[in-house]
Amino acid sequence: MQRIRWQLLVLVLVVLLLLAFPFYVAQPFLQRTMILVVMWSVLGLAWNILGGYAGQVSFGHAIFFGLGAYTSTYLFTEWGISPWLGMFVGAGVAVLVSIVIGWPSFRLVGHYFAIATIAAGEIFAVIFRNWKAVGGAVGIYLPIIRGDRLIDYQFQEFKAGYYYIILAMLALIVLVTYRLERTRMGYYLKAIREDSEAARSLGINITRYKLYAMMISAAFTAIVGTFYAQFVLYISPNTVFALAISIQMALVAILGGTGTLLGPIIGAAVLIPMAEYTRVYLAGRAGGLHLVVYGLLIMLISVYQPAGLMGIYREWQHKRAARGMVNDSLPVATAEGGADDAVA
Amino acid sequence: MPLLEIEGLTKQFGGLTANHNIHLQVEEGEILGLIGPNGAGKTTLFNCITGFYPPTRGRVRFQGRDITGWPPERVCQAGIARTFQIVRVLREMTVLENVMVGAFLRYPRVEEARRHALQILEFSGLIDRRHELARNLTIANKKRLELARALATKPRLLFLDEAMAGLNPSEINDAVAMVRKLSEQGITMILVEHVMKVIMPLAERVVVLDSGELIADDTPENIATNPRVIEAYLGEKYRATRAIH
C-alpha cells in the first residue's frame with residue numbers, strides 16, 4: 001500500500017515538473033530539445049504498440065508520419081482547412097493505409113515482415129518525390145501565421161505552445177498504452193509476439209489483432225506527423241518519409257525497452273539530447289558523427305542488453321528484491337502475492 | 001451422433017502421403033489413444049483436425065458441423081483445444097498470464113479471465129508458480145501449463161500430443177491422474193503417444209497409425225496382441241525371426 005502511495009507521489013511530481021518546464025527553462029535550444037524528446041517519446045510509444053507488444057518489427061512507420069504531415073498540410077495550404085481537423089483526417093488516411101499494408105504483409109513473419117515494411121516505406125518516398133501536386137521533391141512550405149493562437153496550431157513567440165500540444169499527445173498515448181496492458185488485447189498482442197502458432201491454437205485471430213495494433217500505431221504516428229509539420233513549417237519527402245524516421249522510431253523503443261510503457265520514453269530521453277548535442281557541437285567539424293554514436297549504441301544494446309535500459313532497471317530490481325527476501329519474513333511475501341492478484 | 005467424425009482424410013506434402021484415407025469416429029466422453037511408430041503421421045493427423053494444415057482430401061465434422069479447413073483459431077472457438085508435441089509456452093509471460101490468454105476466449109473481461117485462470121491453476125497444481133515466468137519452469141511443469149492453458153478455453157474435445165514424453169515415472173503418474181480427472185469432468189480426449197505403455201491403462205479404445213494408414217481400431221487388450229500392430233512397431237524382421245524359431 002505504501003509503495004503505491006509513493007509511486008503516486010512520484011507521478012504527481014513528474015507531471016508538475018513537465019508542466020512547468022517552459023517556465024524554468026527559457027533557453028530556446030533546450031526548449032526545442034525538450035519538445036523533440038517528447039515528440040520522439042510519442043513516436044516510440046506508437047511504434048511500440050506494434051513492434052513491442054505485438055512483436056511485429058516495422059521499419060516503415062515513416063509512411064504514417066509522412067501521411068499525417070502531408071494530409072494536414074495539403075488540406076491547409078490548398079483548401080484552408082484547419083490543421084486540427086487535418087490532423088484527424090491524416091490519422092484516418094494512415095489507418096486506411098496501415099490496413100492495406102498490414103493485410104498482405106502480416107502473412108510474412110519475422111525478418112520478412114521487417115523487409116516488407118522497408119520496401120513499403122521506400123515506395124511511399126518515391127511516390128511523394130514524384131507527385132507534382134503535393135510539391136514533388138521540393139516539398140511544401142507552410143505559411144507563417146502570427147498571433148500565437150491555439151486554433152492556428154502555430155506559435156511564433158510562445159514556443160511552449162508546441163510543447164504543451166505534444167505533451168498532451170504523450171499523455172494520451174501513455175493512457176492508451178496503460179489501458180492496453182490491462183485489457184484482453186494487450187495480453188493477446190504479447191501472446192502473438194511470444195508464439196503466434198500457440199496463440200492461434202488458443203482461439204486468437206492473430207491477423208485481426210496485429211491489424212488493430214497497426215491501426216492504433218499508425219494513427220498516433222500520423223498525428224505526430226501533423227505536429228511536426230506545424231512545428232517545422234516545412235515538409236518534404238526526404239524529411240518526413242525518410243527511412244531515418246522509421247529507424248529512429250524503432251531505435252528509441254529498442255534502446256529503452258520494447259513492450260514496456262516507460263521504455264520508449266527513457267529511450268527518447270537518452271537518445272534525442274545526445275543526437276541534438278552532437279549535431280550542434282560537432283556540426284561542420286564532424287558531421288554525421290551522431291550516426292556513428294547511434295550505430296555503436298545499437299551494437300552495445302544488441303550484444304549486452306537486448307531488453308533495453310528497462311531491462312537493466314529490472315535486473316537491478318530483481319537483485320534488490322532477492323537481497324530483500326532474506327530479511328523479509330515469508331508471510332509478507334505471500335500477502336504481497338495475493339494483493340497482486342487483486343490489483344493488477 | 002459422434003462428437004468427431006473423420007471421413008476419408010488424406011494429407012499429402014508434395015509426393016509424400018502423410019495420412020491416407022483415414023476414417024475415424026470419436027464418441028462424446030471417450031478417451032481415445034492414437035499410437036504409431038515415429039513418422040506414422042500422428043501429428044499430421046492432429047494438425048489436419050485442429051486446423052494447422054488443410055487436408056488434401058476428406059472431411060472433418062465436429063458436433064455434426066463440417067469444420068474441414070477451418071483456421072486453428074476457429075477450431076478452438078468451436079471447442080477443440082490442443083497441446084503441442086514440442087512445448088510452446090509463452091516464454092516471457094507468467095504462468096498466470098499464459099492461462100489467462102486461454103481464458104480470454106470465454107471470458108473477455110480481465111477480472112473474470114483471471115478468476116477462471118486461477119481456478120484452473122489450482123486444479124492443475126501450478127497455483128504456487130503463478131507469478132513465475134513460463135520459461136523458467138521444468139519441462140514437466142511446462143507441459144502442465146500447456147494443458148492448463150488449453151483447458152482455459154473450455155474445450156469439449158482435447159488433443160494431447162505426447163503429453164507424457166520426456167517425463168519421469170512419478171510425473172507420468174501425475175499426468176495420468178490429471179487425464180482421469182478431466183475425463184470425469186466430461187472432456188473427450190485424444191492422446192497421441194508413441195510409447196504404448198502409457199496409453200494402455202488410460203484409453204478405452206486405441207487406434208494405430210502406420211505409414212499414414214489407420215491399421216487398427218480396437219480395445220487396448222486386442223491392440224497389444226494384434227499382429228499387424230506388433231509388426232508395425234517391431235518391423236518385418238521381428239516376425240521373420242519369430243517364424244524361424
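Predicted model: local features only at pLDDT ≥ 70, side-chain atom pairs only at ≥ 80, totals over all residues.

Modeller: Residues are numbered from 1 along each chain as its sequence is written, chains are lettered from A and ligands numbered from 1 in the order in which they are written, and side-chain values use heavy atoms, without hydrogens and water.

Biologist: Which residues have the most contacts inside the largest nonpolar core?

Modeller: In soluble globular proteins, nonpolar side chains tend to be buried together. A nonpolar core is a set of buried Ala, Val, Leu, Ile, Met, Phe, Trp, Tyr and Cys residues joined through side-chain atoms within 4.5 Å; buried means under 20% relative accessible area, exposed over 50%, partly exposed in between (1.4 Å probe, protein chains only). Here the largest core has 148 residues, and A:Met39, A:Met169, A:Phe227 and B:Leu158 have the most contacts inside it. Helix H2 (residues 28-53) of chain A gives this core its largest share, 15 residues; helices (H or I, at least four residues) and strands (E, at least two) are DSSP runs, numbered from the N terminus. A second, separate core has 27 residues, including B:Ile22 and B:Leu157.

Biologist: Is A:Ser236 buried or exposed?

Modeller: A:Ser236 is buried, at a relative accessible area of 4%. Its place is the loop between strand S2 (234-235) and helix H10 (237-240) of chain A.

Biologist: Where is A:Val12?

Modeller: A:Val12 belongs to helix H1 (residues 2-24) of chain A and is partly exposed, at 47% relative accessibility.
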